[in-house]
Amino acid sequence: MKFGTMLYSTDYAMRPDDFAVASEDRGFDSVWFPEHTHIPASRRTPFPGGGDLPQEYWHIHDPFIALTAAAIATKTIKVATGVCLITERDPIVTAKEVASLDLLSRGRFLFGIGAGWNAEEMENHGTAFADRWKVLEERIEAMKACWTQENSSYHGKHVDFDAIWSWPKPVQKPHPPIIMGAASPWGRERVARYCDGWVPLPAQMKNIAAEIADLEERLKRHGRQLSDIEISFFWAPTNVDELKRYRDLGVHRVILACPADGNEATLKLLDQHAALMKAVGN
């Protein structure tokens, strides 16, 4: 099983390039940075984690800039969005950012995606909460066209453009792995239909073995196999026995979180995560 790290990469946290180097030095396979373009000051949507929303949510760096810094400073570790909020992004611009990052990282980018939970945040970008999943799917389809076609075009309800030229193309073919961050049955259906990986939060799952089995059945209905995708668990617990159970259930990667903090505290936590990784083994 692979181990990744996640940092709330903010203006007051450890620098993203330094964090990536420290993670690579400790043997982690990937670094993941989340995204929020902003947080509305007046918000009716409750925080899914309960309680007050932590301030790191509105201090986060743009993930593509932070991940580019991480990629340039490292050699082998994968760089990943955890997750990119497609409902808040122009697909043509985002397709270029993804391809550029994949090129500059020499094919090390993992494209974690999600629809988001904050209705007001996405509404500020012109996406109605009720339409978020339809918007996400069309934008992903449009980006795939930009990555794979010389004369790229897409015609849908939410995305519509005639033939365009969009370069660079990604290093990874046909494109970087698209990894869906959603734990629900509908999320698993979307993974089965058009994604290359699944990155749910185990805390949102009721029966992990049954949900992986459900994903396998959904993949089969779409002519695919469980081996066609990679399963990663975001915000994984720091319990050796639980992580071993995930491994035995077929989870390919667990991602251990680091909050926004200074260098000393973050390095100490990375050392603890590295010891956990060693204790779990392969």
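Guide: At the start of helix 8, which covers residues 240–248, a side-chain oxygen of Asn239 comes to within 3.1 Å of the backbone nitrogen of Asp241. Such a polar contact is a pair of N or O atoms within 3.5 Å; within protein, one must be able to donate a hydrogen and the other to accept it, and residues adjacent in sequence count only if both atoms are side-chain atoms. After helix 8 comes Gly250, with a positive phi near 100°.

The model is predicted, so local features need pLDDT of at least 70 and side-chain atom pairs count only at pLDDT 80 or more, while totals for chains, interfaces and linings use all residues. Residues are numbered from 1 along each chain as its sequence is written, and side-chain values use heavy atoms, with hydrogens and water left out.

The protein chain has 9 helices and 11 strands, where helices (H or I, at least four residues) and strands (E, at least two) are DSSP runs numbered from the N terminus.

Two helix pairs may now be considered. Helix 6 (residues 185–194) packs against helix 7 (residues 208–221) at an angle of about 40°, with the axes 9 Å apart; axes are lines fitted to C-alpha atoms, for helices over the stretch in contact, and angles run from 0 to 180 degrees between N-to-C directions. Helix 6 is therefore oblique to helix 7, a word for angles that are not under 35 degrees (roughly parallel), over 145 (roughly antiparallel) or 65 to 115 (roughly perpendicular). Contact here means heavy atoms within 4.5 Å, and among the residues that make it are Pro185 and Arg188 of helix 6 and Asp214 and Arg218 of helix 7.

Helix 1 (residues 16–25) and helix 2 (residues 63–73) have axes that come within 8 Å and cross at roughly 45°, which makes helix 1 oblique to helix 2. Here Pro16, Asp17, Ala20 and Val21 of helix 1 meet Ala66, Ala69, Ala70 and Ala73 of helix 2.

The loops deserve a look as well. Most residues other than glycine have a negative phi, and most peptide bonds are trans. Arg106, not a glycine, has a positive phi of about 60°, and Arg106 lies in the loop between helix 3 (91–104) and strand 5 (109–114). A cis peptide bond, with omega about 0°, joins Lys173 and Pro174; Pro174 sits in the loop between strand 7 (160–164) and strand 8 (178–180).
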